[in-house]
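Please keep the sequence and the model side by side while reading.

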Amino acid sequence: MTKKAALLVKLLLFALLLAALIWPDLSGIKGKASTARLIVYPIGGMVLPLYWWARGRRTFPWAADLLMTLPWTIDLLGNRLNLFDTVDWWDDAMHFVLWAFLTAGVLLAFAPRDLSRALTVFIALGFGTTAAVVWELGEYVAFVRISPNSKPRTPTPSATSPSAPSAHYSPA
């Protein structure tokens, strides 16, 4: 059952990516770092199978593959359904849930089974935090620094001193 679910989620991921290439206006990711997603997401979905194949391992961890593919697929599906822009809590919930899936998948695939519970928690926190920070930096670059939709920001006068620059910024 896990193998079928993992393959179905991977198939859905690649179908959503293909749809984004063919019909970018309908994908929900147009103007949302679509090029980066079209490059990074297939890598994210295939990193575990490729690693397993390159290492010549025989028993494939289907549950780990499912957990490591879900974040990319759910993000694309959430964008396709416009949930990130219409459901207030969706983005925050997805940051937590999707990184939990990814971290759990990485632990299932790569953590030795004889680790203590405390060490497993520390590894999970280290991987999950690092992955989330890398993701946030990518979002910053994609959405704030180079997005065609972002406007340059200029200082606005402070409420206490109309002539003095403020730490508050507003779109130009």
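Beyond its neighbours within four places in sequence, Leu48 is in contact with Phe60, Pro61, Ala64, Asp65, Met68, Ala109 and Phe110. The model is a predicted one.

**The core around Leu48**

Leu48 belongs to the largest nonpolar core, a set of 17 residues. Which of its members touch the most others? They are Leu13, Tyr41, Leu48 and Leu76. Five helices each supply at least two residues of this core: α1, α2 (34-54), α3, α5 and α6 (117-145).

**The chain as a whole**

The protein chain has 6 helices and 2 strands. From the N terminus, the order of elements is α-α-α-α-α-α-β-β. The chain has 172 residues, and 31% of them count as buried. Among contacts with a separation of 6 or more, 61% join residues 24 or more positions apart.

Asp65 is one of the contacts of Leu48. The place of Asp65 is in helix α3. Is Asp65 buried or exposed? Its relative accessible area is 1%, so Asp65 is buried, the cut-off being under 20%. Leaving aside neighbours within four places in sequence, Asp65 is in contact with Ala6, Lys10, Gly45, Leu48, Pro49 and Phe60. Asp65 and Leu102 are 37 residues apart along the chain, and their C-alpha atoms are separated by 9.3 Å.

Lys10 comes from helix α1, which covers residues 2-22. Lys10 counts as buried because its relative accessibility is 9%. With neighbours within four places in sequence set aside, Lys10 is in contact with Gly45, Met46, Pro49, Asp65 and Thr69.

**Helix α1 against helix α3**

Lys10 and Asp65 both take part in the contact between α1 and α3. The axes of these two helices come within 8 Å and cross at roughly 35°. The crossing is left-handed. On the α1 side, the contact residues are Thr2, Lys3, Ala5, Ala6, Leu7, Val9, Lys10, Leu12, Leu13, Leu16 and Leu17. On the α3 side, they are Trp62, Ala63, Asp65, Leu66, Thr69, Leu70, Trp72, Thr73, Leu76, Leu77 and Arg80. By class, the residues of this contact divide into 15 nonpolar, 3 polar and 4 charged.

**Helix α3 against helix α5**

Helix α3 (residues 62-80) also packs with helix α5 (residues 90-110). Their axes are 6 Å apart, at an angle of about 160°. The two helices are therefore roughly antiparallel, since angles over 145 degrees count as such. This crossing, too, is left-handed. From α3, the contact involves Ala63, Ala64, Leu67, Met68, Leu70, Pro71, Ile74, Asp75 and Gly78. From α5, the partners are Trp90, Met94, Leu98, Phe101, Leu102, Ala104, Gly105, Val106, Leu108 and Ala109. The residues of this contact divide into 16 nonpolar, 2 polar and 1 charged.

Met94 is found in helix α5. Met94 is buried, with a relative accessible area of 10%. Apart from neighbours within four places in sequence, what does Met94 contact? The residues are Ile74, Phe84 and Trp99.

His95 lies in helix α5 as well. His95 touches Trp135, Glu136 and Glu139, not counting residues up to four places away in sequence.

| Pair | Apart in sequence | C-alpha separation |
|---|---|---|
| Asp65 and Leu102 | 37 residues | 9.3 Å |
| Met94 and Phe84 | 10 residues | 9.0 Å |
| His95 and Glu136 | 41 residues | 9.7 Å |

Asn82 has its place in the loop between α3 and α4 (83-86). Its phi is near 65°, a positive value in a residue other than glycine. Asn82 is partly exposed, with a relative accessible area of 33%.

Terms used:
Residues are numbered from 1 along each chain as its sequence is written. This is a predicted model: local features need pLDDT of at least 70, side-chain atom pairs count only at pLDDT 80 or more; totals for chains, interfaces and linings use all residues. Side-chain values use heavy atoms; hydrogens and water are left out. Helices (H or I, at least four residues) and strands (E, at least two) are DSSP runs, numbered from the N terminus. Buried means under 20% relative accessible area, exposed over 50%, partly exposed in between (1.4 Å probe, protein chains only). Contact means heavy atoms within 4.5 Å. Axes are lines fitted to C-alpha atoms, for helices over the stretch in contact, and angles run from 0 to 180 degrees between N-to-C directions. Angles under 35 degrees count as roughly parallel, over 145 as roughly antiparallel, 65 to 115 as roughly perpendicular and the rest as oblique. A crossing is left-handed if the near helix is turned anticlockwise from the far one by less than a right angle, and right-handed if clockwise. Ala, Val, Leu, Ile, Met, Phe, Trp, Tyr, Cys and Pro count as nonpolar, Asp, Glu, Lys and Arg as charged, and the others, Gly among them, as polar. A nonpolar core is a set of buried Ala, Val, Leu, Ile, Met, Phe, Trp, Tyr and Cys residues joined through side-chain atoms within 4.5 Å.
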